[in-house]
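Biologist: I have a model open on my screen and would like to learn how to read it. Could you take me through a few features, one at a time?

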Amino acid sequence: MEKSCTLLVHFDKGTPALANEIKEALEGNDDEAKIEAMKKAIMLLLNGDTIPQLFITIIRYVLPSEDHTVQKLLLLYLEIIDKTDSRGKVLPEMILICQNLRNNLQSPNEYIRGVTLRFLCRLNEAEIVEPLIPSILANLEHRHPFVRRNAVSAVMYVYKLPQGEQLLVDAPEIIERFLASEQDLSSKRNAFLMLFNCAQDRAVSYLFSHIEKIIDWGEQLQMVVLELIRKVCRLNKSQKGKYIKVIISLLNAQSSAVVYECANTLVSLSSAPTAIRAAANTYCQLLQSQSDNNVKLIVLDRINELKTSHREILVELVMDVLRALSSPNPDIRRKTLDIVLDLITPGNIDEVVMMLKKEVVKTQGAELEKNGEYRQMLVQAIYSCAVKFPEVASTVVHPLMDFLGDSNVASAMDVAIFVREIIETNPKLRVSIITRLLDTFYQIRTSRVCTYALWIIGEYCLSLSEVESGIATIKQCLGELPFYTASEESEAQDVSKNTQVVNSSTVSSRRPVVLADGTYATQSAALETAMSAPVLVQGSLASVGNLRSLILSGDFFLESVVACTLTKLVLRLDEVQPSKVEVNKATTQALLIMVSMLQLGQSSVLPHPIDNDSHDRIVLCIRLLCNKSDEVKRIWLKSCRESFVIMLEDKKHREIEESKAMAQISNAQPDDLIDFYHLKSRKGMSQLELEDEVQDDLKRATGEFVKDGDDANKLNRILQLTGFSDPVYAEAYITVNHYDIVLDVTVINRTKGTLQNLCLELATMGDLKLVERPQNYTLGPESTKQIKANIKVSSTETGVIFGNIVYETSSNLLERTVIVLNDIHIDIMDYISPSSCADVLFRTMWAEFEWENKVAVSTVIENEKEFLNHIVKATNMKCLTPPSALEGECGVLAANLYAKSVFGEDALVNVSVEKQADGKLSGYIRIRSKTQGIALSLGDKITLKQKGGP
């Protein structure tokens with residue numbers, strides 16, 4: 001049976017030592033051999049070998065040794081051997097070590113005294129400790145602080161033994177006198193800790209009698225003081241005021257750890273603006289002064305927690321928080337930007353945007369490894385600022401447009417999306433944005449960014465000069481026609497017989513992807529890297545335009561976008577150009593370009609032919625330009641833009657609804673007690689105490705005080721482990737925290753006899769780990785025992801906890817009874833929460849994640865939206881597909897769901913259902929994740945839940 005252990009040593013089981021070899025080495029006179037033998041004996045003991053024959057040998061040959069290392073190993077050996085028999089009585093041979101321990105406590109060497117006192121802290125047998133108490137107390141006056149601080153610890157642990165108060169009746173008084181005269185900081189810390197644990201009133205009395213010197217106390221003692229304050233204030237909230245003043249005085253301590261704990265304690269105890277402001281200032285100072293990235297991340301987490309309840313105070317410190325961007329760590333920068341974006345107000349928006357613009361400029365200067373990623377974060381942050389406060393858009397949009405040609409594709413795409421939205425929401429900026437875009441278009445080197453830019457040019461070039469400049473820019477970037485010559489085609493045919501010519505910066509592939517509406521499609525996807533001119537264009541141009549390079553690399557989707565943009569520009573030219581000759585000339589040039597692209601797609605110059613979707617799109621554009629009608633102009637020049645406006649309005653509406661949902665606060669019950677601030681007595685109260693009282697009253701009135709939760713919800717967490725007819729009844733109350741599970745097991749002895757050595761044996765399956773094995777108990781007739789077990793969780797996966805209750809009856813100690821417990825299944829829903837992500841990021845993760853679980857739809861629900869809502873509720877995920885895209889009754893529904901686990905894992909779900917002729921739903925639910933566990937667990941959950949109604 002496993003036992004509790006205070007010592008952990010690595011042991012190589014491959015070469016176990018023999019007891020006879022150890023015994024011979026111990027009987028010799030060589031101290032080095034004795035040291036090695038003692039180490040082997042300790043390792044064997046730790047790994048389950050009792051080796052009882054060694055005890056007398058050690059008493060005879062090791063006990064008299066004067067070597068300090070031998071004596072230290074002897075104490076470790078005595079610490080781990082069994083000192084009691086099966087009935088809990090101290091073994092007679094243990095009396096032999098008492099005299100040796102007394103001699104050690106009176107040794108002239110302070111090291112021997114200190115380690116012996118430390119050994120006594122781990123002794124639980126009062127019979128061994130009792131004769132040593134005079135020697136322990138005598139060491140409180142030893143000249144060396146190492147001995148004194150261990151003596152204080154020994155006094156505390158002896159006093160905490162079951163019979164400790166009888167063994168050391170006046171221990172608190174002795175330690176209080178010791179504390180008053182002691183100068184060593186470590187010894188004072190141990191003494192104060194003893195009073196804190198054993199005589200709290202004396203600790204409080206000492207604290208307030210020396211309150212003016214608290215700033216000079218050492219770090220360790222100050223940390224214990226803060227722990228005392230938290231404990232006292234939890235028990236007696238009315239005393240908070242005077243303790244908060246102590247905490248604020250400790251904010252000026254030298255130690256960063258003390259200052260951090262002070263800020264945490266202030267936030268947990270008080271809601272007064274003065275206290276919260278002091279804590280927030282402290283966090284900001286730590287953010288600047290600490291170089292460790294882990295410390296910065298922890299401090300940022302604390303600031304983020306503070307932001308939810310005290311946003312108005314943190315708004316004042318937003319620029320201090322923003323200084324954390326000086327750290328090169330991307331996680332720190334991302335977390336800082338997330339916090340700052342929630343603290344933006346009309347008063348600080350200009351300062352924040354100016355700071356972000358400076359950071360963007362810095363990313364251009366030095367070519368660091370993470371610059372592209374950091375630039376993308378900054379672009380997204382500026383984009384959020386401009387959406388919230390449109391008046392700053394004019395100051396940021398033009399500097400950002402320089403990054404449309406950025407080699408970092410994600411950063412350039414974010415800029416393009418930002419420009420697309422700003423040009424619609426800020427009509428005054430349209431002319432300047434279009435002019436800048438046309439000037440910088442040739443610098444764009446990635447296909448996705450080109451498509452965004454072409455769409456903007458096609459929709460927002462309105463005047464005659466803009467339309468003509470747009471057509472000219474596209475023609476210039478496409479280069480001379482045709483895209484290839486006959487000789488180049490024949491050369492390409494010859495080369496393709498031997499090797500496949502792929503010498504460009506993009507590689508095209510045809511594969512299924514998830515579109516924005518959640519549906520699957522097959523398209524030519526270009527995997528983009530840096531741009532380089534393809535070798536296929538030989539001698540046609542000295543410098544190849546960006547559009548020509550991308551098209552010659554086989555990007556047919558870009559070809560269709562170019563065709564659509566030219567079509568829109570020619571149709572608009574027809575409206576603004578009075579000369580029909582110029583219109584016809586532009587139409588002819590556009591048609592020539594489109595026909596050339598079709599020829600290129602059907603030639604053997606490229607490694608693969610044009611796909612059907614792009615081919616049909618270009619052919620449609622050709623037909624429209626050959627037959628221009630008013631209806632066609634209305635659809636192409638107005639309807640597309642109207643759809644974009646509706647999309648933006650829908651996005652804004654969803655954001656407003658989400659912010660309203662987040663801002664909802666709980667209300668107090670009608671019969672809750674409310675204290676009236678104006679009727680309170682102010683006598684003897686400082687301003688800080690008054691503020692704290694007011695904030696407590698406000699919280700009580702608005703229902704913000706955190707309560708223990710509804711009793712009905714607690715009952716849902718109780719799981720029966722044994723049957724009512726079993727001799728031992730057991731049930732567990734399960735508390736699931738982020739990284740651990742606490743099982744509070746109630747065990748009831750339903751028999752008329754005493755159950756001895758009753759033990760709760762637990763085992764786990766999955767990524768669960770039992771932290772500590774519960775100890776053995778003796779349970780009287782019809783008595784009850786509460787047993788707690790902690791289980792660590794390391795990943796989002798459905799786990800199982802199973803086990804037994806084992807006990808012996810007083811009538812037959814040799815026979816052990818085993819009761820098998822019901823299995824406890826840990827639900828994955830406790831670890832995932834709804835979250836949001838951009839459509840582009842969703843599709844990127846969908847392509848990258850290798851684990852997919854495909855679940856066939858099998859349900860009695862006959863309405864598609866009702867089924868989707870049922871799945872969203874059952875999986876605790878968020879539907880990314882906007883409600884506007886799910887409107888209408890077409891018999892088909894496709895939607896994307898997303899959630900994030902507490903461990904940072906992403907869970908992606910695609911729901912695709914179709915209504916059959918008989919009214920039933922069919923289709924598939926696909927789950928993808930980076931790890932296998934979350935995909936399988938979510939699949940099992942959906943399979944279990946989807947059949948029933950909501």
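**Reading the model**

Modeller: Let's begin with helix 5 (residues 95-105), where Ile97, Cys98, Asn100, Leu101, Asn104 and Leu105 are buried. Buried means under 20% relative accessible area, exposed over 50%, and partly exposed in between, with a 1.4 Å probe and protein chains only. Helices here are DSSP runs of H or I with at least four residues, strands are E runs of at least two, and both are numbered from the N terminus. This is a predicted model, so local features need pLDDT of at least 70 and side-chain atom pairs count only at pLDDT 80 or more, while totals for chains, interfaces and linings use all residues. Residues are numbered from 1 along each chain as its sequence is written, and side-chain values use heavy atoms, leaving out hydrogens and water.

Biologist: At what angle do helix 17 and helix 18 pack?

Modeller: Axes are lines fitted to C-alpha atoms over the stretch in contact, and angles run from 0 to 180 degrees between N-to-C directions. Helix 17 (residues 273-289) and helix 18 (residues 293-309) have axes 9 Å apart, at an angle of about 155 degrees. The two are therefore roughly antiparallel, a term for angles over 145 degrees. Helix 17 contributes Ile276, Ala280, Tyr283, Leu286 and Leu287 to the contact, and helix 18 contributes residues including Lys296, Val299 and Arg302.

Biologist: Where is the cis peptide bond?

Modeller: Leucine 481 and proline 482 are joined by it, with omega about -5 degrees. Proline 482 sits in the loop between helix 28 (464-478) and helix 29 (486-498).

Biologist: And what is the phi of asparagine 876?

Modeller: Its phi is near 55 degrees, a positive value in a residue other than glycine. Asparagine 876 lies in the loop between helix 38 (864-875) and strand 15 (878-879), and is partly exposed, at 28% relative accessible area.

Biologist: How many helices and strands does the chain have?

Modeller: There are 39 helices and 18 strands, and 47% of the 950 residues count as buried.

Notes
Angles under 35 degrees count as roughly parallel, over 145 as roughly antiparallel, 65 to 115 as roughly perpendicular and the rest as oblique. Contact means heavy atoms within 4.5 Å.
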